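Please load the model in your viewer and keep the selection panel at hand. The stops below move from charged pairs to a chain contact and then to a sheet.

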Number of protein chains: 4
Amino acid sequence: MENSLEFKAQVSLLADAGARLAARGWLPARAGHFSARLDDRHIVVSAPGRQKDMLDENDFIIVDLEGNLLSPAERTPSPETFLHIIMYRRDKDLGAVLHTHSANATVLSRQLPGGLHLSDYEVLRELPVVQYPAEGIDVPVFANDPNVQQLAAQVDDRMSRQPDLAGYLIAGHGLYTWSHTVETAIQRVEAFEFMFECEILARQLHP
Amino acid sequence: MENSLEFKAQVSLLADAGARLAARGWLPARAGHFSARLDDRHIVVSAPGRQKDMLDENDFIIVDLEGNLLSPAERTPSPETFLHIIMYRRDKDLGAVLHTHSANATVLSRQLPGGLHLSDYEVLRELPVVQYPAEGIDVPVFANDPNVQQLAAQVDDRMSRQPDLAGYLIAGHGLYTWSHTVETAIQRVEAFEFMFECEILARQLHP
Amino acid sequence: MENSLEFKAQVSLLADAGARLAARGWLPARAGHFSARLDDRHIVVSAPGRQKDMLDENDFIIVDLEGNLLSPAERTPSPETFLHIIMYRRDKDLGAVLHTHSANATVLSRQLPGGLHLSDYEVLRELPVVQYPAEGIDVPVFANDPNVQQLAAQVDDRMSRQPDLAGYLIAGHGLYTWSHTVETAIQRVEAFEFMFECEILARQLHP
Amino acid sequence: MENSLEFKAQVSLLADAGARLAARGWLPARAGHFSARLDDRHIVVSAPGRQKDMLDENDFIIVDLEGNLLSPAERTPSPETFLHIIMYRRDKDLGAVLHTHSANATVLSRQLPGGLHLSDYEVLRELPVVQYPAEGIDVPVFANDPNVQQLAAQVDDRMSRQPDLAGYLIAGHGLYTWSHTVETAIQRVEAFEFMFECEILARQLHP
């Protein structure tokens, strides 16, 4: 499967995403975690331990939607893989999940444990659930549970109650968002990060 | 007309503008909207739905100054096109309109519904209406009306009362500015964005 | 003289300086003004009206230290040229004067009309007059007089009283600094801009 | 020894580190100081006086762990060399020491003479001593003693009491951190600088 055209195409898109998003400073050190769908039952996901601005085929593993490793044999899926799998299980049209780690997202996620409301931003139109910017969306913040499977269960539970969620934050840990393709998922990262930057700036101004 | 030298030249300048302004972080996701004049009655304008740092000929449409699409047949002008057309109708020497979407402009436009006064900046000399920086200019802020034709009518009305306006903000949506050529319009974007950055910084300092 | 090796060498260094400093966002729109010495009585100085990240030989003029234009015939020295000339007259070993225009410098210069004191920064060692960071330096701020020759006279007068000045600010207009060579003048710009960024950040923090 | 493969390999890695970290704005002017181990008793260390984004073989010297210069004959080790040597003496597996000089680190180091506590950041996992982000680490701040050997003695003393230290700040002067290889030391710089940026942002927000 790691020789398939689909694998090569998705890895190439995810590597480009890494370079693009790292250039903005949103993937410090080796933070960040990317995935894309290969077929109904398989995804490709980045392995831990590499700078995200220089990813290649050797930095990815293939897992099925139960979390079993398919290839390469010598790698181990990181626990964060489950934060990706739960999303692909819910929506067969989902094509990509991107996790970035900006300073703005990190600071907001630490200061707003109850979550963040975003409204009256034109870029909200990038999120499919929003028709008019005035509507706004809620971005939940989850505590950074060192037990990632437990964290994944919490996210999954929240998705069941709020299926139109467009993204969420983990405290001190950054953003998860997703879309039908890698390209549109990148747009969502940029839209979220733009709004996070605005929210930080607004909170710095004197009244 | 999409084979004319003028079309190719203006598209090339607008694509360069997109790359230059996106590199500053002023065109997040697929935000931003650019246009340039082709002749007395026609303009080329960016179509929605593409990252503004990688525009090519396929990302533009040709419309006349009544808003009728000339080419290509399969595209649709976005409602924002009217925010461009109203400017070209007013001034036959106008050559380009650029709409950018920076975090600084977005935050100021949300916090200052009554508009912004800019003075004592040397870069004000980039704006033709200003002879001495101490004079200053007013930058109006319009509410982000989801009905763009209604919004365009408001801008048009304001231009009738204040014909020497150099640019304006839409709340939560960014900057519109214009000039005789694409090159000088880029300078105006840079001048405005520089002053917006200064205005944000000044409001963050402790007295 | 515009065919001399010295002219070509200095223009090449100033063009590189423009690209390097513009990449940091310190030369918005067409702001900034650069010069370098050609010989005892002549300097090359940037002409107004070009983005400073794409300078070439056509963007420079040659003047003598009385402000007379030597070449090319069709260009006019901008009044800012006198802010350069006064420095070369004072010190025959001076090789370059760089004027940059960052948001941080602009905001500080507008808020601190009485000038700025910088101390306890390690990068102060880049400035020849400072032996230990704890000593510190004063950076005067001059009002942005639209009569540039009058402004130049004020700077000249201040230099007579404080000959070891390493740089100064003009309100709303940015930094002037200088050194023996273009390369070391770039280092001084970077040292000053770094300290301006720190001064802005420090004034934003809550006690 | 300056012809050895190990010298060329380490210089190449340190030059890449310089370009990468300078691009983030963390090495203003000629600030910063890098070293890597050659063998049990020798290290290569950057000489002062060059922009850190354009280092080559001529910008490095070889010293032994007593501080004696081995090559090239005409250069002088800077006093900062002792801040590197003390680290290699302590840990024979240590491979690299990087000193960067960001505005965020500089401002924090000036405002927090008692040091900084970092906790609940996911990127803390980049630091080997931290198993769970909630644990946190202490980052000491040393006064910027112009007598660098005295400063090195203070650091050495602190390391004896706290051998699992992952990095420290010098007031007004920046960060020192280290690791087994140049590559992993870069990751630690990025992790520290990311947390410094977050700490600055958090202190700018209104409660």
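A salt bridge is taken here as a side-chain nitrogen of Lys or Arg within 4 Å of a carboxyl oxygen of Asp or Glu, and by this rule the count over all chains comes to 40 salt bridges. The model is a predicted one, in which local features need pLDDT of at least 70 and side-chain atom pairs count only at pLDDT 80 or more, while totals for chains, interfaces and linings use all residues. Residues are numbered from 1 along each chain as its sequence is written, chains are lettered from A and ligands numbered from 1 in the order in which they are written, and side-chain values use heavy atoms, with hydrogens and water left out.

Select A:R161 and A:D157 to begin: they form a salt bridge whose closest N and O atoms are 3.5 Å apart. Both residues lie in helix α4 (residues 148-161) of chain A, four residues apart, about one turn of the helix; helices (H or I, at least four residues) and strands (E, at least two) are DSSP runs, numbered from the N terminus.

Next, show chains A and B together. Their contact (heavy atoms within 4.5 Å) takes 25 residues from chain A and 27 residues from chain B. Between them the two chains bury about 2100 Å², 55% of it on carbon and sulfur atoms, where buried area is the accessible area (1.4 Å probe) that two parts lose on being put together, summed over both. On the chain A side, highlight A:E122, A:L205 and A:H206, which lose the most area to chain B and together make up 28% of what that side buries.

How many salt bridges are there between chain A and chain B? The count is three, and one to display is that of A:R20 with B:D53, where the closest N and O atoms are 2.8 Å apart. Now colour helix α5 (residues 182-204) of chain A, which gives the most to the side of chain A that touches chain B, with 12 residues.

Move to chain D, where eight strands form an open sheet with mixed pairing, in the order β4-β3-β2-β1-β5-β10-β9-β8; two strands pair if DSSP finds at least two bridges between them. The edge strands of chain D, β4 (69-71) and β8 (141-142), each pair on one side only. Within this sheet, select β2 (residues 42-46) and β3 (residues 60-64) of chain D, which pair in the antiparallel sense over five bridges, and find D:S46, whose bridge partner in β3(D) is D:F60.

Finally, show chains A and C: they do not touch, and their nearest C-alpha atoms are 8 Å apart.
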